[in-house]
Amino acid sequence: MKLLRRIFPHPQLTILLTLVWLFLANAPSLNSLVFGLILGIIIPFVTQPYWPDRPKLRNWPMVIEYMLVVLWDIVVANVTVAKIILFKRDADRQPNWVCIPLELRTPEAITVLAGTITMTPGTVSCDLSAQGHNLLVHCLDTSDPDAVRDQIKQRYERRLKEIFE
């Protein structure tokens with residue numbers, strides 16, 4: 001068992017990297033699968049010293065729900081940003097900075113939240129306070145920064161708290 005743990009220090013990451021490689025290859029074949037497995041074994045093995053405390057995912061059904069919510073939000077945000085770019089005059093846009101107080105404490109959860117915000121068109125995570133208690137986000141167009149803050153906390157942070165903490 002210890003030998004297996006040394007070869008596969010992060011088995012979920014191995015599976016994820018293999019699947020990502022298969023999707024990137026765009027033509028599933030035995031060669032792609034083998035190369036994906038090689039990457040899935042080598043990358044976690046090489047990066048193992050940088051993961052002293054592996055994050056524990058506490059709620060796997062919530063992980064699936066979180067991914068579906070994020071994918072839906074990305075689609076909706078793409079349409080919204082396209083409407084803003086195509087139909088809203090520059091003078092009518094209201095870009096804003098939003099400070100989001102964080103209840104999350106684990107670095108992995110904060111990283112996932114910041115990445116999610118950045119992946120969603122129209123918002124970018126810009127800075128994290130030195131203590132890790134506030135995240136600064138730039139919004140392309142919002143007249144109500146408080147609503148953006150509340151939406152991020154309700155849709156993302158609440159779920160990430162259930163997943164990581």
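Q: Hi! Which element gives the largest share of the lining of the second largest pocket?
A: Helix α4 does, with six residues. Keep in mind as we go that this is a predicted model.

Q: Okay, and how much space lies in that second largest pocket?
A: About 430 Å³.

Q: How many residues line it, and which lie nearest its centre?
A: The lining of the second largest pocket is made of 20 residues, and those nearest the centre are Ala77, Thr120, Pro121, Thr123 and Gln151. Besides α4, helix α6 also supplies at least two residues of this lining.

Q: What classes do those lining residues fall into?
A: Eleven are nonpolar, six are polar and three are charged.

Q: Now the largest pocket. What's its volume?
A: About 1100 Å³.

Q: And who lines that one?
A: The largest pocket has 28 lining residues, and Gln12, Leu16, Leu57, Trp60 and Val63 are the ones nearest its centre.

Q: Which helices do they come from?
A: At least two lining residues come from each of α2 (11-25), α4, α5 and α6. Helix α4 gives the largest share here, with seven residues.

Q: What is the split by class for the largest pocket?
A: Its lining has 20 nonpolar residues, four polar ones and four charged ones.

Q: Let's switch to the largest nonpolar core. Which residues touch the most other members?
A: Those are Ile100, Leu113 and Leu135, out of the 24 residues in that core. Several elements each supply at least two residues of this core: α4 (60-87), β1 (96-101), α5 (107-119), β3 (134-139) and α6 (145-164).

Q: Tell me about Ile100. What is in contact with it, leaving aside neighbours within four places in sequence?
A: Ile100 contacts Ile117, His133, Asn134, Leu135, Val137, Arg149, Ile152 and Lys153.

Q: One more topic: where is Ser32?
A: Ser32 sits in helix α3, which covers residues 30-47.

Q: Is Ser32 buried or exposed, and why?
A: Ser32 counts as buried because its relative accessibility is 11%, and the cut-off for buried is under 20%.

Q: What does Ser32 touch, not counting residues up to four places away in sequence?
A: It touches Trp21, Leu22, Ala25 and Ala27. Of these, Trp21, Leu22 and Ala25 fall within α2, the helix that also supplies at least two residues to the lining of the largest pocket.

Key
Residues are numbered from 1 along each chain as its sequence is written. This is a predicted model: local features need pLDDT of at least 70, side-chain atom pairs count only at pLDDT 80 or more; totals for chains, interfaces and linings use all residues. Side-chain values use heavy atoms; hydrogens and water are left out. Helices (H or I, at least four residues) and strands (E, at least two) are DSSP runs, numbered from the N terminus. Buried means under 20% relative accessible area, exposed over 50%, partly exposed in between (1.4 Å probe, protein chains only). Contact means heavy atoms within 4.5 Å. A nonpolar core is a set of buried Ala, Val, Leu, Ile, Met, Phe, Trp, Tyr and Cys residues joined through side-chain atoms within 4.5 Å. On a 1 Å grid over the protein atoms alone, a cavity is a set of points where a 1.4 Å probe fits but cannot get out, and a pocket is an open set with protein on both sides within 12 Å along at least five of seven lines; lining residues have an atom within 4 Å of a point. Grid points are joined across faces, edges and corners, and a volume is the space filled by probe spheres set on the points. Ala, Val, Leu, Ile, Met, Phe, Trp, Tyr, Cys and Pro count as nonpolar, Asp, Glu, Lys and Arg as charged, and the others, Gly among them, as polar.
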